[in-house]
Amino acid sequence: RDVSYPVESPRMSSERFEDLDDDFSAAMREIKANLVTVQKSFGEQRKSIIRSTEKRVESAEKTLQQMESESQNAPAAFRIGMNNKARKHRSDMERVKKELRQASSARDDLLSGGRTYGTHDPAVIQSSQRNTLLKGNESLNRTSESIARSKAVAAESEQIGTETLGELYGQREQLLKATDTVQETDAEVSKAKRILISMGKRVITDKLIMMIIILLELGIIGGLVYWKFFS
């Protein structure tokens, strides 16, 4: 099924991610319910519930990994929200895994207690110590993987923030250039307006001078006519 990311939608819009989120949430509800039931169960029923829960956890882990992959490939506009949801699910997953390990360990202790209680066999003690070390190493590996994922998400979030700041800086430069252009245009308009006013004043002055010259000429002509015919 194709994954679409409509630009116009402000919410997370990966259909694939939302479907995986629903599947994971349903799996976690079932797992948590099983963990509650395990505390009240004994014998074969307890072992059966633990095995079923372990399989469900494996399935939920695969779903969560797909969600993390979807969030990594999402557009920057949706990636932070999707990463936050995936991180929250990862935290829930680690918590139920820990509870499941504790329930499984309690079951193993009950099964092996009758055989090893009071024994001082070095081979048995060495095997127990080795198992304890292996479990400690597994826990450290899981913690390291979780830290690595958190660092990767933090680095990606930092990159997104840097890209966003770069885009905002570019938009600021464009706005400053547009402001300078408007100011230059305004200055040119003011200059043209002053030139037009000056030209208008000059035209009016020229007309007044011409009128004065015409009046003087008419006066001179009238004086000459009067002098010639009436004097």
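E99 sits in helix α3, with helices taken as DSSP runs (H or I) of at least four residues, numbered from the N terminus. This is a predicted model, where local features need pLDDT of at least 70, side-chain atom pairs count only at pLDDT 80 or more, and totals for chains, interfaces and linings use all residues. Residues are numbered from 1 along each chain as its sequence is written, and side-chain values use heavy atoms, with hydrogens and water left out.

The C-alpha atom of E99 is 9.4 Å from that of K32, although 67 residues separate the two along the chain.

Now for the largest pocket, which holds about 310 Å³ of space. Its lining has 13 residues, and K97, L100, R101, Q102 and R142 are the closest to its centre. A pocket here is an open set of points on a 1 Å grid where a 1.4 Å probe fits, with protein on both sides within 12 Å along at least five of seven lines; lining residues have an atom within 4 Å of a point. Helices α2 (43-73), α3 (76-116) and α4 each give two or more residues to the lining, and the largest share, seven residues, belongs to α3.

Finally, look at I221, which is part of helix α4 (residues 122-230).

Conventions: Grid points are joined across faces, edges and corners, and a volume is the space filled by probe spheres set on the points.
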